[in-house]
Amino acid sequence: MARIWKGPFISPHRLGAQPAHALPPVPARVSAVIRTGAVKLVTLAPEVEHADTAIQQFVNAGIRVSIGHTQADHEQTDRAICRICGGGGVAGGTHMFNAMPPVMARAPGPATALMCSDDAYAEMIFDTHHVHPALFRLAHRVMGRLLFVTDAM
């Protein structure tokens, strides 16, 4: 039986340590992921083609959608969070501050959209290598739900 590659649905420009196997979340692929019954959380880049439809499919299936490995700007990220939460889903951020555009004065980026959301949570690799302690303190002060994770599998 041939292996059907189902993801990941992230930006090929923000792979981080991921292998170069990013695919667009076309409806058929997303349906295949959902049919496995094994996926409970998916990281998705909201700027990739078909992301809006994929978000709706995942939310309808009760799968958490976490924003990460993305080139999205603040507005794209904010719209994705609204789509996820507005559909009854749970919005998250994967490895906040990593594999995403930085926070800048006129381009606040996805991390700022996550921190400004009253509904989203975020995961942060806090080992002082991936994220500076000042960014940890900032996120900790403003986010209601901040989870600490490792970068290990």
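In strand β5, Val149 is the bridge partner of Ile125. Helices and strands here are DSSP runs, numbered from the N terminus, with at least four residues of type H or I for a helix and at least two of type E for a strand. The bridge between Ile125 and Val149 belongs to the pairing of strand β4 (residues 122-125) with strand β5 (residues 146-149), which is parallel and covers four bridges. Two strands are taken to pair if DSSP finds at least two bridges between them. Together with helix α5 (residues 133-142), β4 and β5 make a right-handed β-α-β unit. Right-handed means that, with the strands pointing away from the viewer, the path from the first strand over the helix to the second runs clockwise.

The model is a predicted one, in which local features need pLDDT of at least 70 and side-chain atom pairs count only at pLDDT 80 or more, while totals for chains, interfaces and linings use all residues. Residues are numbered from 1 along each chain as its sequence is written, and side-chain values use heavy atoms, with hydrogens and water left out.

Aromatic rings were examined next. A pair of aromatic rings is described by the distance of the centres and the angle of the planes. Rings of Phe, Tyr and Trp (its six-membered ring) pair if their centres lie within 6.5 Å; planes under 30 degrees apart count as stacked, over 60 as edge-to-face and the rest as tilted. The count by this rule is four aromatic pairs. One of the pairs is formed by Phe9 and Phe58, whose ring centres are 6.3 Å apart and whose planes stand at 40 degrees, so this pair is tilted. Phe9 lies in the segment before α1 (27-36) and Phe58 in helix α2 (residues 51-60), so that the pair links distant parts of the chain, 49 residues apart. Phe9 counts as buried because its relative accessibility is 2%, and Phe58 counts as buried at 0%.

A stacked aromatic pair is formed by Phe126 and Phe136, with 4.2 Å from centre to centre and 25 degrees between the planes. Since Phe126 lies in the loop between β4 and α5 and Phe136 in helix α5, the pair ties together parts that are 10 residues apart in sequence. Phe126 has a relative accessibility of 32% and therefore counts as partly exposed, whereas Phe136, at 19%, counts as buried. With Phe148, these two residues form one aromatic cluster.

Thr43 belongs to strand β1 (residues 41-44). Its relative accessible area is 19%, so Thr43 is buried. The side chain of Thr43 is joined to that of Thr94 by a polar contact of 2.8 Å. A polar contact is a pair of N or O atoms within 3.5 Å; within protein, one must be able to donate a hydrogen and the other to accept it, and residues adjacent in sequence count only if both atoms are side-chain atoms. Apart from neighbours within four places in sequence, the residues in contact with Thr43 (heavy atoms within 4.5 Å) include Phe9, Ile10, His69 and Thr94.

One salt bridge is found in a search of the whole structure. The term denotes a side-chain nitrogen of Lys or Arg within 4 Å of a carboxyl oxygen of Asp or Glu. The salt bridge joins the side chains of Arg83 and Asp52, at 3.0 Å from N to O. This pair links distant parts of the chain, with Arg83 in helix α3 (residues 74-86) and Asp52 in helix α2, 31 residues apart. Both ends are partly exposed: Arg83 has a relative accessibility of 30%, and Asp52 has a relative accessible area of 40%.

Gly89 lies in the loop between α3 and β3 (91-93) and counts as buried at 18% relative accessibility. Not counting residues up to four places away in sequence, Gly89 touches Val59 and Ile84. Although Gly89 and Ala99 are 10 residues apart along the chain, their C-alpha atoms are separated by 23 Å. Ala99 is placed in the loop between β3 and α4 (109-116) and is partly exposed, at 22%. Its phi is near 55 degrees, a positive value in a residue other than glycine. A positive phi, about 80 degrees, also occurs at His50, which is not a glycine. His50 is located in the loop between β1 and α2 and, at 31% relative accessibility, counts as partly exposed.

Key. Buried < 20%, exposed > 50% of the residue type's maximum accessible area, 1.4 Å probe, protein only.
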